[in-house]
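This briefing concerns the structure shown below.

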Amino acid sequence: MPHQKSITYDKFTGYQCLEDIRDDSVDLCLITCGMQNCAPLHAYTGVRDLYIFHFISGGTGYVEDRGQLIPLSAGNVFLIEPGVPVHYHADKADPWSYMWVGFRGIKAPFYIHHAGYQSDRRFGHVSNISLVNSYIQQIIANRAYTCANDLKRHAALYDLLALMIDEVSEPEFLPQDLPRQHYVELAKAYIEENYRHDLHVSDIAARIGIDRSYLTQIFKEVLNISPQEYILHFRLDRAALLLHDITLKVSAVAQAVGYKDVASFSRMFRRYKGVTPSEYRMRILMTGKEQQ
């Protein structure tokens with residue numbers, strides 16, 4: 001059944017654009033895409049709140065970088081980063097045509113980095129600009145808000161990023177090059193989405209693209225605890241919140257936070273909270289009575 005949402009779509013000669021694409025994706029959320037045949041000296045100056053790749057399909061244009069104007073032509077790519085001022089404009093005699101795709105999400109920096117881009121490397125190249133065009137067209141064609149179209153739009157975005165990553169041959173782009181905080185946030189987000197299930201540190205590390213020992217190392221450096229300890233504390237904090245609901249049995253609370261054995265849950269809860277789950281609930285009830 002279609003979502004009760006709409007996407008802003010503008011189309012006129014030489015221009016197509018989708019804006020305000022929204023969904024519930026945390027990893028990667030598509031926001032905008034489009035294509036434009038620019039007029040001579042057509043320019044943009046401003047700051048965006050998302051990542052945007054521009055793909056030059058023809059003509060010539062210029063992007064300001066550290067006080068210099070960088071000339072770009074067919075096959076060139078440039079990246080706009082959130083919060084970073086940008087200026088670019090079309091050539092007067094041979095104005096460029098370009099396509100763009102904009103997105104955000106906790107894994108956006110990860111994919112961008114693997115495609116060979118970062119704050120001091122905002123320019124690149126794609127060898128198959130026609131394939132880029134087909135992915136952009138696919139996103140635009142599936143602009144109606146339906147569940148199927150959500151998947152189709154994101155499939156095209158992932159295909160586009162995969163195309164860019166496949167073209168990177170330099171071995172220097174390793175996962176460990178990204179900031180430690182970024183990987184910690186990725187791991188925390190994954191834990192918070194999956195704490196109800198059987199979680200292993202090795203699975204979390206594989207999910208975000210690094211090895212277990214590196215994940216453990218950066219957790220201790222950033223949070224002063226191991227990933228396993230973070231999972232434990234997160235589960236017990238959630239359990240403490242659930243215990244406020246007196247209609248839930250302790251066994252149901254244990255299961256809701258990933259414990260199959262209520263005895264193990266009670267033992268861990270007492271070790272870290274100082275009381276058993278039942279005693280904790282009794283304190284809540286007594287405190288509530290005192291306040292009445």
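A residue is termed buried when its relative accessible area is under 20%. Phe78 has a relative accessible area of 0% and is therefore buried. The model under discussion is predicted, and its chain holds 10 helices and 11 strands.

**The chain as a whole**

- Of the 292 residues in the chain, 44% count as buried.
- The accessible surface of the chain amounts to about 15,200 Å², and carbon and sulfur atoms account for 51% of that surface.
- When contacts between residues at least 6 apart in sequence are considered, 70% of them join residues at least 24 apart.

**Phe78 and its surroundings**

- Phe78 lies in strand β8, which spans residues 76-80.
- Apart from neighbours within four places in sequence, Phe78 contacts Ile52, Phe53, His54 and Ile56, together with Val63 and Leu72.
- The contacts of Phe78 also include Tyr88, Trp96, Arg122 and Phe123.
- Phe55 stands 23 residues from Phe78 along the chain, and the C-alpha atoms of the two are separated by 6.9 Å.

**Cys33 in strand β3**

- Strand β3 covers residues 29-37 and contains Cys33.
- Cys33 has a relative accessibility of 0% and so counts as buried.

**The pairing of helices α2 and α3**

- Helix α2 comprises residues 129-141 and helix α3 comprises residues 147-166.
- The axes of α2 and α3 come within 8 Å and cross at roughly 160°.
- Because angles over 145 degrees count as roughly antiparallel, α2 is roughly antiparallel to α3.
- The crossing of α2 past α3 is left-handed.
- On the α2 side, the residues that meet α3 are Leu131, Val132, Tyr135, Ile136, Gln138 and Ile139.
- On the α3 side, the residues that meet α2 are Lys152, Arg153, Ala156, Leu157, Asp159, Leu160 and Leu163.
- By residue class, the contact of α2 with α3 is made up of nine nonpolar residues, one polar residue and three charged residues.

How values were computed. Residues numbered from 1 in each chain as written. Predicted model: local features only at pLDDT ≥ 70, side-chain atom pairs only at ≥ 80, totals over all residues. Heavy atoms only, no water. Helix = DSSP H or I, 4+ residues; strand = E, 2+ residues; numbered from the N terminus. Buried < 20%, exposed > 50% of the residue type's maximum accessible area, 1.4 Å probe, protein only. Contact = heavy atoms within 4.5 Å. Areas by Shrake-Rupley, 256 points an atom, 1.4 Å probe, with all protein chains shown as cover. Axes fitted to C-alpha atoms, helices over the stretch in contact; angles between N-to-C directions. Parallel < 35°, antiparallel > 145°, perpendicular 65-115°, else oblique. Left-handed = near helix turned anticlockwise from the far one by under 90°. Nonpolar A, V, L, I, M, F, W, Y, C, P; charged D, E, K, R; others polar.
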